[in-house]
Amino acid sequence: MMARFGEREVGEMAEEKLSRSGTRVTGFADEELDFQLLRQLGATSYGGASVGETLALVPEISGPADWVEAFRGLAERQRADGEERARRGHRVSALDALLRAASSYRAAAYFSRFGEEEQRRLSFASRDAFLAAMEHADHRFEDVGYEFDGKRMPAYWLCPVDAKEPGPTLVALSGFDGTLEETYFQAALAGIERGWRVLLIAGPGQMDTVRDHPDLPFVPDTERWVGAALDGLAGRPEVDPERLALLGISFGGYFASRAAAHEPRVRALVANSPIVDLRAYMVAFVGMDPAQLPDDQDFGVADLAAIPDVEFPPPLKEMSRMLILRFGQPTFKATFEYLRRFVIEDLAAIRCPSLAMVGDGEGGEPAAQAQRFRDEVAGPVTVRAFGADEGSDMHCQIGNLSLSNAVAYDWLEEAFAGG
């Protein structure tokens with residue numbers, strides 16, 4: 001008779017030299033794969049992943065296609081596990097497994113081809129697993145949505161179960177490839193732990209929105225859709241309008257900052273990162289200004305397949321393809337021309353207290369834009385730079401979300417306490 005160890009039989013384990021673990025802490029030579037691995041590991045702080053499950057996939061992955069396959073398989077195992085535990089009445093265990101499944105589906109969708117059936121299926125699966133998880137959560141949750149230009153935009157409302165009186169409220173939005181589900185791990189759950197009410201929103205062009213509106217591109221005047229989302233808070237007894245804060249993550253730093261420049265209902269702003277000129281930010285990311293390309297070197301989505309991979313590696317092709325589609329332009333050059341409109345022309349219009357969060361490892365352009373933010377915003381500005389010694393020098397502090405949230409929420413609470 002074999003003894004049981006966890007859910008395996010001891011006799012099933014390989015007989016080999018005694019070792020502390022068969023899992024090794026290794027990453028990838030490819031910079032983007034490595035960053036996405038850090039992004040997934042960072043979600044462990046709030047239940048979006050486990051270290052062991054994530055690292056166990058690394059030996060299976062040699063490129064983006066392997067990544068999709070590995071994380072899709074993990075997500076499906078986690079979802080099945082969560083559903084089975086829910087069937088057996090284990091609410092907390094079901095919640096944990098389904099949250100990890102939602103995060104793993106998002107990770108799988110990241111490297112899948114944008115807009116095609118697999119990417120859409122994985123993206124919807126992430127949302128479905130998250131909504132299933134929320135049935136077991138110990139906080140309140142509503143899939144509320146809001147109306148903008150005649151369309152229903154995605155939004156989730158979350159707050160502590162005992163939140164009945166007006167209290168501090170955070171409206172949070174992500175950027176280019178983040179989702180409402182990921183923002184739950186990045187910012188919302190930390191707020192609920194502190195007694196905050198949290199509204200997660202997405203606007204035109206964002207990953208949540210393109211699930212249902214794939215032809216709706218990013219728009220520069222983000223104050224319009226953020227303002228529409230804020231309208232949805234009117235009449236909620238749990239919301240204190242004097243303690244209403246706006247948080248923008250990644251590209252969301254531009255979305256939120258531009259909205260705060262036009263929206264007096266925002267009483268405090270957290271920009272992580274403080275992007276004031278999205279085109280300049282993207283030019284630094286690409287390493288050149290595509291708007292300066294000669295016309296005979298410009299290309300559209302249909303042209304990408306004909307460009308040799310040795311001249312334009314597949315990951316860059318996919319990023320270019322997604323930029324063109326998500327910004328709704330005909331060519332790569334036209335996309336960067338359109339990006340000229342994504343600028344906050346009057347930072348002095350931001351008069352509320354603001355926190356600018358930027359990592360030391362993000363490069364010169366994010367640091368320069370943070371400096372411009374500090375110099376030109378009219379209201380009081382705090383700049384918080386995160387270093388490698390804190391494990392948080394990367395974009396949006398994905399490697400240390402606990403510290404990131406401590407900085408943001410402590411600053412907000414002190415700002416509101418000081419009037």
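**Loops, a sheet and its helices**

Me: Where is Asp149 placed?
Reply: Asp149 sits in the loop between strand 4 (146-148) and strand 5 (151-153). Strands here are DSSP runs of E with at least two residues, helices are runs of H or I with at least four, and both are numbered from the N terminus.

Me: And what is this model?
Reply: It's a predicted model, where local features need pLDDT of at least 70, side-chain atom pairs count only at pLDDT 80 or more, and totals for chains, interfaces and linings use all residues. Residues are numbered from 1 along each chain as its sequence is written, and side-chain values use heavy atoms, leaving out hydrogens and water.

Me: Back to Asp149, then: positive or negative phi?
Reply: Positive, at about 50°, although Asp149 is not a glycine.

Me: Which residues does the cis peptide bond join?
Reply: Asn272 and Ser273, with omega at about 15°. Ser273 belongs to the loop between strand 10 and helix 10 (278-286).

Me: Changing topic, what's the strand order in the open sheet?
Reply: Its eight strands run in the order 3-6-8-7-9-10-11-12, and the pairing is mixed. Two strands count as paired if DSSP finds at least two bridges between them.

Me: Which strands are at the edges?
Reply: Strand 3 (140-143) and strand 12 (381-386), each of which pairs on one side only.

Me: How are neighbouring strands turned against each other?
Reply: By 15° on average, with direction ignored. Axes are lines fitted to C-alpha atoms, for helices over the stretch in contact, and angles between N-to-C directions run from 0 to 180 degrees.

Me: How many bridges join strand 7 to strand 9?
Reply: Six, linking strand 7 (residues 167-173) to strand 9 (residues 239-249), and the two run parallel. As one example, Leu173 has Gly248 in strand 9 as its bridge partner.

Me: Which strands does helix 6 touch?
Reply: Helix 6 (residues 180-193) packs on the sheet and touches strand 6 (155-159), strand 7, strand 8 (197-201) and strand 9. The direction of helix 6 makes about 165° with that of strand 8. Touching means contact, with heavy atoms within 4.5 Å.

Me: And what does helix 9 touch?
Reply: Helix 9 (residues 252-262) also packs on the sheet, where its contacts are strand 7, strand 9 and strand 10 (268-272). The direction of helix 9 makes about 140° with that of strand 9.

Me: Now helix against helix: at what angle do helix 3 and helix 5 pack?
Reply: About 35°, and the axes of helix 3 (residues 64-87) and helix 5 are 12 Å apart.

Me: Nice. Which residues meet there, helix 3 to helix 5?
Reply: From helix 3 you have Val68, Arg72 and Glu76. They meet Glu118, Arg121 and Leu122 in helix 5.
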